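Welcome! Please take a moment with the sequence and the 3D view below, and then we will walk through the salt bridges and the overall build together.

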Amino acid sequence: LFDSEKMSKSRGNVVRPRPIVSVLGIEPLRYYLLREIVFGQDGGFSYDALVTRYNGDLANGLGNLASRTLTMIERYFGGEIPQPAVAPGKEQYASGSADFASEALTKITQLYERLSFSLALESIWEMVASVDKYLSVEKPWTLAEKPEDRARLGAVLYTAGEGLRIIAALAHPVLPQATQKIWRQLGQTEPLGNIQLDQICWGQLKPGTKTGKPEGIFPRVDKSEAIERIEAMEQEQNKAASAPEPTPAPTPAPDRKS
């Protein structure tokens, strides 16, 4: 369905992917389709929902988490993964993070195997929200102001970085280009596509690893402007598709003079 109406060529409401890819990119379109529509079933599509998902899940969600985590590692630890040392009273959280990651890996891998892409992505973005909330609660920017909290600051940013690494691995089948960028920014040298999900576990992010320069993954867009651009390109393609083909020039008669 497109805006609550069934898509059909006769109605002229078939959505063309090329304008969307030109404005937002191919990965946001793939993410939206796999997240919003249950695989193998009919579903609804609208430009408004597409851009809302882009800004909410990709720009403000995964993109923002990657940016803030990598920026703080660069700012407070010179661009090196800190030690996962745990300050007194935080041992339980460190253990809980490993357990949470292990359970998420098992659950999401099983959902992928069942082709339940929508539920798999929902679970991955629960991890995004969890790590983001962890940073908001721990406030590493405040810890950085007190030298006595240095060890705790390192533990917090290691936890966030390791969570981001696992999220990148889990989301890679759907967002291969964006997650590979995050993977490289975390200092991981082996291509992410070579790593199987059953090889991923908590604690594989090595302290001292040099991270790459933080770069934006999904820049936020203005919804109205993005939709206008997509619709304008859609109309241009529709006009080009419906334009009559030019009549070929007549072939000149052969010269019969001898």
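## An arginine and its partner

Let us start with arginine 16, which has a relative accessible area of 27% and is therefore partly exposed. For residues, buried means under 20% relative accessible area, exposed means over 50%, and partly exposed lies in between, using a 1.4 Å probe and protein chains only. Glutamate 234, at 8% relative accessibility, counts as buried. The side chains of these two residues, arginine 16 and glutamate 234, form a salt bridge with an N to O distance of 4.0 Å. Because arginine 16 sits in the segment before helix H1 (17-23) and glutamate 234 in helix H9 (residues 223-242), the pair ties together parts that are 218 residues apart in sequence.

A salt bridge here is a side-chain nitrogen of Lys or Arg within 4 Å of a carboxyl oxygen of Asp or Glu. By this rule, the count is 8 salt bridges.

## How the model is read

This is a predicted model, in which local features need pLDDT of at least 70 and side-chain atom pairs count only at pLDDT 80 or more, while totals for chains, interfaces and linings use all residues. Residues are numbered from 1 along each chain as its sequence is written, and side-chain values use heavy atoms, leaving out hydrogens and water.

Aspartate 48 is partly exposed at 41% relative accessibility, and lysine 223 is partly exposed at 31%.

Where do arginine 53 and aspartate 57 lie relative to each other? They are 4 residues apart in helix H3, so about one helical turn separates them. Arginine 53 is partly exposed, at 21% relative accessible area, whereas aspartate 57 is buried, at 13%. Salt bridges with shared partners join Arg35, Glu36, Arg53 and Asp57 into one network.

## The chain as a whole

Stepping back, the chain has 9 helices and 0 strands. Helices (H or I, at least four residues) and strands (E, at least two) are DSSP runs, numbered from the N terminus. Of the 258 residues in the chain, 43% are buried.

Contact means heavy atoms within 4.5 Å. Among contacts in the chain with a separation of 6 or more, 72% come from residues 24 or more positions apart.
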